[in-house]
Amino acid sequence: MSNTVKQAAEAARSKGTEVMGGAKSVKNDSVAVANDFLHTPFMRAALPFINGGLSGMVATTVIQPVDMVKVRIQLAGEGKAGGPKPTPLSVTREIVASGKALDLYTGLSAGLLRQAVYTTARLGFFDTFMKSLTVRAKDKGQSVGFAERATAGLSAGGLAAMIGNPADLALIRMQSDGLRPVAERKNYRSVIDALSSIAKSEGVGALWAGAAPTVVRAMALNFGQLAFFSEAKAQLKARTDWSINAQTLSASAIAGFFASFFSLPFDFVKTRLQKQSRGADGKLPYKGMVDCFAKVAKQEGLTRFYRGFGTYYVRIAPHAMVTLIVADYLGFLTR
């Protein structure tokens, strides 16, 4: 009897080992298949774009309320030399008081679409350009310098901005709609509703309104963000013994400051141009980027271009930090 029980126990243990081994084998096979898929030529080319889009969408979800406040500050006191001087706190209180806290997330669908298009292309192009420059530099026995990083950042930003302008326009329209008289509000239900409504009432070409400052802003933003992030990270790696996470976080904060400084005036003009609509006389307040710069400087003063720099930095720096950290992490997972 004892021998029978012993044999049964041995058989069960053997069977269990086989099952465990089989499960482990299946898991290993699944990991191997996933790794093989990630290393196909198509996926190696696509991953920088996929990682860029996902990281940008995560960052936008976190930062959207700050972006909403930033846009309202830029539109306050339009055309007046003095004008109101809203603070981030007063704007937030006003938005919440007029509706509900979730109004701070107005335009989130447009923001996510913008990131899915713009950041996917921006970080994807930058990563692709940098890989090409790295290979070329290695062939010459050199390393990629700041000028090459800056060129890659400027090019990636300009190309991505043109592609993503319609989503950017829809975002500004949705965020500024609450500033209109109730009778004149469009009350867009989603980014698709906003895009289709603008195209029907103003023409498809209107979706690229403000494209010039959007492209210049993107180039300035990317010059500050990507070039300085890449450069700061390289310098911190060479000069400090900090952990990788500390280097990435510090480089992101540095990049966010320079990105804010270089791009804010163009972001300001972009917001004004994309928000504008024709008056009773059928004319637009601004003819274009240069006209907007000139009129704002004359009517509101040069310092107006940097109004809300703190809010803008709080919007740009964390967004840059979250985007670049997530992109770095996704790049590590899929390398």
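Begin by selecting Phe146, Phe228, Phe257, Phe258, Phe261, Phe262, Tyr306, Phe309 and Tyr313, which form one aromatic cluster; rings of Phe, Tyr and Trp (its six-membered ring) pair if their centres lie within 6.5 Å, with planes under 30 degrees apart counting as stacked, over 60 as edge-to-face and the rest as tilted. This is a predicted model, in which local features need pLDDT of at least 70 and side-chain atom pairs count only at pLDDT 80 or more, while totals for chains, interfaces and linings use all residues. Residues are numbered from 1 along each chain as its sequence is written, and side-chain values use heavy atoms, with hydrogens and water left out.

By the ring rule the count comes to 14 aromatic pairs. Phenylalanine 146 lies in helix α5 (residues 146–176) and phenylalanine 228 in helix α7, so the pair ties together parts that are 82 residues apart in sequence; helices are DSSP runs (H or I, at least four residues), numbered from the N terminus.

Next, show α7 (211–239) and α8 (244–275), which pack at an angle of about 170° with their axes 7 Å apart; axes are lines fitted to C-alpha atoms over the stretch in contact, and angles run from 0 to 180 degrees between N-to-C directions. The two helices, α7 and α8, are therefore roughly antiparallel to each other, a term for angles over 145 degrees.

Technical notes:
Parallel < 35°, antiparallel > 145°, perpendicular 65-115°, else oblique.
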